[in-house]
Amino acid sequence: MSEPRIMLTAMAINEAMDIAMGLDDKVFLLGEDIAEPSGGVYKVTNGLSTKYGAQRVRKTPISEQAIIGAAIGAAIAGFRPVAEIMIMDFLAVCLDQVTNHAAKIRYMSGGQTTVPMVIRTSAGAGRGFGAQHSELLEAFAIHSPGMKVAVPSTPADAKGLLLTAIFDDDPVLFVEQMMMYWDKTYAGDVPEGDVRVPFGKAAIRREGADVTLISYGRQMYDCLAAAELLAVDGVSCEVIDLRTLVPWDEQAVMASVAGTSRAVVVHEAVTRCGFGAELSSRIHEELFGQLSAAVQRVGGANTPVPYASNLEAAFVPQVADIVAAVKRTNS
Amino acid sequence: MADVQRPDAPDRDTLLRMFEIQSRIKLCDERFRMMLMSGQIQLIYYSPRGQECISAGWGVHLRPDDYVVTIYRGLHDHLAKGVPLRELWAEFLGRATGTCKGKGGPMHITHPASGLMVTTGIVGAGIPIANGFGLAAQLNGTDQVTVVNFGDGASNIGAFHEGMNLAAVWKLPVVFVCQNNLYGEHTPMSMSTGVDYISERAAAYGMPGVTVDGNDPIATWKVMGEAIARARAGGGPTLVEARTYRFFGHLMGDAMEYMPKEERKAAMAADPVVRYRVWLVDNGHASEAQLAEMEEQLTAAIDDAVEFALNSPQPELSELYTDVFGDVAMEGTTR
């Protein structure tokens with residue numbers, strides 16, 4: 001057994017891109033400010049342009065449509081571009097390229113052309129960035145057939161899922177939560193080398209018997225914290241980390257909820273029409289007769305993300321909200 | 001006797017190849033409209049009639065491995081890049097034997113074997129994607145050229161600005177062909193565009209811009225040849241504005257109230273394909289009999305393609321769920 005390699009999330013993501021570029025010269029990166037000397041506004045691409053050169057780590061103008069369009073064309077022509085959209089809210093600026101083109105081109109061409117590209121983007125509230133730099137918009141892509149979506153929660157998954165995404169033949173929206181990039185709280189053991197994490201395989205982060213908490217990304221940690229608190233009260237929670245939302249591990253979710261008969265779905269995105277709504281709906285469709293309570297949703301408030309720190313904190317689902325939701329399934 | 005290729009004039013073979021492409025487009029369009037009018041077929045149809053010389057003008061310069069991107073009014077571009085008639089007709093009719101198995105339709109014709117890479121239904125959206133094909137050629141160190149076609153209306157959408165700028169910054173081997181037919185959907189250019197010539201906009205991006213009479217096959221051939229040669233030699237992108245006229249409005253069934261009758265009549269009277277045909281004969285480049293034979297052969301090929309398409313089945317219902325992803329089965333997760 002080798003020594004654990006404890007890494008921060010940003011470093012794990014950087015390592016995935018480094019390994020992918022080393023393995024395949026068709027992999028290249030493009031995005032705003034991603035090259036040296038800055039190496040990305042969050043330093044996630046730090047060092048890569050020095051190692052691989054400006055041709056393969058391409059700084060772009062502030063032109064999200066041009067970035068995604070260029071990635072699409074190059075992907076059809078045989079490359080594996082990794083495009084960075086600096087902040088997830090900026091997806092709205094290039095949504096036509098994402099949903100009408102990246103997502104649909106394989107289908108519209110009858111499978112003749114494919115778009116093997118990754119859109120990396122950072123998201124999430126908690127930094128006082130206000131309404132246009134904080135949102136989680138994974139539902140945009142989930143609602144666009146043809147797009148795959150990954151939202152890692154651990155550094156090992158961030159690396160392993162990104163490697164899988166880069167070498168996948170479909171377009172992938174890869175959601176990184178900026179609060180996790182350089183925060184030691186989220187550091188973890190990352191295996192060395194080209195170790196990939198498959199899409200569509202959830203991880204059971206904690207086993208339990210009474211209620212299933214289903215989450216992804218940073219909220220997985222809140223679910224674990226809630227499970228700790230509830231254990232004191234004698235409530236045993238199973239925590240499922242979906243890791244990818246398209247495809248998602250329906251089998252693992254249904255197996256767990258069939259056992260516990262109770263489920264709470266948790267994400268940071270606005271609750272209304274968030275992925276939790278789909279999860280909840282599917283669980284009801286499959287297991288209605290076996291459920292002891294209606295599936296509960298915990299998500300962001302149905303508002304834009306506010307600026308003032310107290311309001312911002314109130315927007316983001318908290319551990320207490322998850323505990324309260326679990327209690328509702330038991331009342 | 002083979003003519004020597006001169007920079008200022010196409011040789012005889014090129015002149016005839018341009019006529020062949022123009023006629024292929026014109027005859028296909030006439031057949032589509034005839035069959036639509038008579039109710040034999042039903043589909044959404046954007047006639048390219050009047051714009052034939054533009055596609056023929058770049059078509060004869062491109063190699064099979066060059067890339068073309070176009071938009072929903074794209075039949076002329078598909079044919080100029082060599083998309084085969086049978087598969088093209090079958091796709092327009094939504095048949096399993098079409099270029100895209102009937103799943104894309106006329107607005108999304110794709111045929112990589114011919115280099116027809118993307119047809120988009122979104123105005124202007126092909127421009128940023130064309131840059132990606134240009135970038136691929138640049139990174140691969142090949143001399144492939146990408147030609148992206150769009151209308152005057154597309155020059156007012158954001159994707160045009162972002163795409164043109166990036167192409168200039170990265171010196172991409174892309175030729176931006178604005179087929180200016182003077183109308184964006186139902187609105188004349190004068191009411192939607194602040195410049196008289198779209199090519200003026202090239203200066204804002206630091207790339208050459210040129211306006212050509214897109215109804216003049218020789219002038220168009222020359223301008224396209226220069227732009228394509230520049231791109232192939234690593235000289236970067238060019239914006240070519242080819243001015244023309246749309247004979248049949250925005251889409252089939254359009255009442256065309258917004259197009260002055262006299263203007264349209266005059267444009268149709270000066271039909272560029274008919275004019276070119278006369279010019280070829282009058283100047284001794286071809287005999288009347290030779291061109292008539294070419295047209296007969298094209299008509300027979302279209303007859304064959306129409307029959308092929310009409311006799312082809314619609315796609316299997318299971319095709320609804322295929323080609324969404326490369327590896328994830330959608331059936332069962334889609335309700």
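Biologist: Why is Thr110(B) called buried?

Modeller: This is a predicted model. Its Thr110(B) has 4% relative accessibility. Buried means under 20%. So Thr110(B) counts as buried.

Biologist: Where is Thr110(B) found?

Modeller: In the loop between α4 (85–92) and β2 (116–120) of chain B.

Biologist: What does the side chain of Thr110(B) reach?

Modeller: The backbone oxygen of His108(B), at 3.0 Å. The cut-off for a polar contact is 3.5 Å, so the pair falls within it.

Biologist: Which residues does Thr110(B) touch, not counting residues up to four places away in sequence?

Modeller: From chain A, Ser109(A), Gln112(A) and Thr113(A). From chain B, Thr99(B), Cys100(B), Leu116(B) and Met117(B).

Biologist: Why does Ile214(A) count as buried?

Modeller: Its relative accessibility is 1%. The limit is under 20%. Ile214(A) therefore counts as buried. This residue is found in strand β10 (residues 211–215) of chain A. Among the residues that Ile214(A) touches are Ile240(A), Leu242(A), Val253(A) and Leu279(A).

Biologist: How far apart are Ile214(A) and His267(A) in sequence and in space?

Modeller: They are 53 residues apart in sequence and 8.7 Å apart in space, C-alpha to C-alpha.

Biologist: What lines the second largest pocket?

Modeller: That pocket has a volume of about 260 Å³. Of its 21 lining residues, Ile71(B), Tyr72(B), Gly151(B), Gly153(B) and Tyr183(B) are the closest to its centre. β3(B) gives the most to the lining, with three residues.

Biologist: How do the residues of that lining divide?

Modeller: Into six nonpolar, ten polar and five charged.

Terms used. Residues numbered from 1 in each chain as written. Chains lettered and ligands numbered in written order. Predicted model: local features only at pLDDT ≥ 70, side-chain atom pairs only at ≥ 80, totals over all residues. Heavy atoms only, no water. Helix = DSSP H or I, 4+ residues; strand = E, 2+ residues; numbered from the N terminus. Buried < 20%, exposed > 50% of the residue type's maximum accessible area, 1.4 Å probe, protein only. Contact = heavy atoms within 4.5 Å. Polar contact = N/O pair within 3.5 Å; in protein donor to acceptor, adjacent residues only side chain to side chain. 1 Å grid on protein atoms, 1.4 Å probe; cavity = no way out; pocket = protein on both sides within 12 Å on 5 of 7 lines; lining within 4 Å. Points joined across faces, edges and corners; volume = space filled by probe spheres on them. Nonpolar A, V, L, I, M, F, W, Y, C, P; charged D, E, K, R; others polar.
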